[in-house]
Amino acid sequence: MSEQAVVGRVLSVASECVPLVKTGGLADVVGALPKALAPHGWDMRVLMPAYRGMVEKLGAAREVWTGGDVFGGPAIVLAGRVDEIEVLLLSAPHLYDRDGGPYSASGRDHPDNPERFAALCWVAAEIARDGLGDGWSPDVVHAHDWQGGLAPAYLRYRGMAAKSVITIHNIAFQGMAGPEKLGALRLPYSEFHADALEYYGQISTLKAGLVTADAITTVSPTYAEELMRPEFGMGLQGVIAARAALVRGILNGVDAGTWDPAADPEVVAYDARRLKKKAENRARLIAEFGLDDVPGPLAIVVSRLTDQKGIDLLPAVLEDFVAAGGGLAVLGSGDPRLEGAMQAAAAAFPGRVGVKIGYDEALSHRMFAGGDAVLVPSRFEPCGLTQMYGLRYGTLPVVAATGGLADTVITANPMALAAGTATGIAFHPTDALALGQALRRLCALYAQPDTWAAMQRAAMRQPVDWDASSAAYAALYAELLA
Ligand code: ADP
Ligand code: GLC
């Protein structure tokens, strides 16, 4: 960023960031924020662990920080640019240079995860206090999820001036550690009580962030409200409700350049005025999944296969959906039980249900272009990105009315249809009965080509980019510094 344009500097502290490493939407958001905030004058750098092989991806790296004892070994911070993002990689081989993913190897969590992410947060606080070797120092530290939770805590407990924000992307993960780790995690024993670090006899690094940050955000307004209720707060509802004045919900955006059916290299180009071209993508997708002719709506699912996502509800509704003409293409991986259930569904409805187990970014683009509808039957969904890709591609979202799904999809009720504003179907509660009813409505709407096309056009008009949300983050940082 040019110097005179800068209104403030933000250190984003996260465990994943596109394009370097991604296990879910967190990485997309962390990677999108620096680019979205730059036009507002906020200079954001992303501090994250240098997992194995990552330094090589950084290009021309400069050493900007050195530490002798970072939770059991020496560490350095390397600065470099990746895809227009200023990245700070914490290279600490004793913590991060190992087999497996960011959090686990061969299905088991790394046993030292508390230390691994405490180290990241500790270094964030050191940078906030002393700045980097190149003279850069942050005004605001913006931590993400439990992995960043200790950054606001160290700032507070060590009496540092930088302001802090913590964003909850998913409260299901709370960063638990045994109380015997207090010393190892460099946390004050005096803060181990119910109003601070202690959570059911253990340390929760997410709670630590929630009780010490100057502001709390979550990734949709509805999730911000849900989090204060026992059904969604997962035990932390009281902690969040007690700090309600500091909580705000800021919807995620999607990268409108990457997700653009008119310019997507994976698809036959189309837009709201050339919807007929979408049919070519549909035919290709049917072939790619080995399906037969699908007379009704072709639904897609692109998802982690976990309980959160309500994937287990699909088998119960497929018989009716297929009988009504529907087809389904699933791309996902995760829980072996759900992978098995999806493969069994494909075997039960050959030619109508196709399943690919795995992670495939390019295929996901072809699916959004070729599908008629995208199913997101989540039990809870802090924001969700795939329903927004669906809107961009005129692939109508069928979603559970929860969290960010409720905030982004305008359900096809009679008024919305009459006004021409409906963009999908939202159902409640998240159970097989309501999902089955939603799919029946989907088939009925699909059988009315004019109504369907009007919904597609309304969906494609929705602003799902970062414009409004980046302004909201910029305003929040400015308030903290005022
Ligand atoms: P979550 O972070 O809870 O998994 P989101 O909807 O916020 O949910 O983000 C998921 C991201 O991961 C989206 O970008 C989605 O397209 C992508 N994704 C999930 N599973 C797959 C897969 N099997 N192949 C390709 N992309 C996937
Ligand atoms: C989490 C949530 C998802 C959200 C993503 C990015 O993974 O499960 O709903 O979109 O974070 O904020």
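F71 is not a glycine, yet its phi is positive, at about 50°. The model is predicted, with pLDDT of at least 70 required for local features and 80 or more for side-chain atom pairs, while totals for chains, interfaces and linings use all residues. Residues are numbered from 1 along each chain as its sequence is written, chains are lettered from A and ligands numbered from 1 in the order in which they are written, and side-chain values use heavy atoms, leaving out hydrogens and water.

A positive phi, about 70°, also occurs at E84, again not a glycine. E84 is located in the loop between β4 and β5 (85–91) and is exposed, with a relative accessible area of 58%. Most residues other than glycine have a negative phi, and most peptide bonds are trans.

Ligand 1 is surrounded by 20 residues, the closest being G25, R304, K309, G358 and Y389; a residue is counted if one of its heavy atoms lies within 4 Å of the ligand. A backbone N or O atom of G25 is 2.6 Å from an oxygen atom of ligand 1, and a backbone N or O atom of G358 is 2.8 Å from a nitrogen atom of ligand 1. From Y389, a polar side-chain atom lies 2.7 Å from an oxygen atom of ligand 1. On its own, ligand 1 has 560 Å² of accessible area, of which the protein covers 92% (Shrake-Rupley method, 1.4 Å probe). At least two shell residues each come from α1 (25–37), β15 (298–305), β16 (327–334) and α14, and β15 gives the largest share, three residues. By class, five residues of this shell are nonpolar, eight polar and seven charged.

The shell of ligand 2 includes G25, H169, N170, E381 and C383. A polar side-chain atom of E381 is 2.5 Å from an oxygen atom of ligand 2, and a backbone N or O atom of C383 is 3.0 Å from an oxygen atom of that ligand. The protein buries 93% of the 310 Å² that ligand 2 exposes when taken alone. Five residues of the shell around ligand 2 are nonpolar, six polar and one charged.

Helix α18 (residues 449–461) comprises 13 residues and spans 18 Å from its first C-alpha to its last, close to the 18 Å expected at 1.5 Å a residue, that is, 1.5 Å times one less than the number of residues. Its buried residues are W452, A453, M455, Q456, A458, A459 and M460. They pack against elements including α10 (278–288), α14 (386–392) and α17 (432–446), contact meaning heavy atoms within 4.5 Å. Within α10 is N281, which counts as buried at 4% relative accessibility.

How values were computed: Helices (H or I, at least four residues) and strands (E, at least two) are DSSP runs, numbered from the N terminus. Buried means under 20% relative accessible area, exposed over 50%, partly exposed in between (1.4 Å probe, protein chains only). A polar contact is a pair of N or O atoms within 3.5 Å; within protein, one must be able to donate a hydrogen and the other to accept it, and residues adjacent in sequence count only if both atoms are side-chain atoms. Ala, Val, Leu, Ile, Met, Phe, Trp, Tyr, Cys and Pro count as nonpolar, Asp, Glu, Lys and Arg as charged, and the others, Gly among them, as polar.
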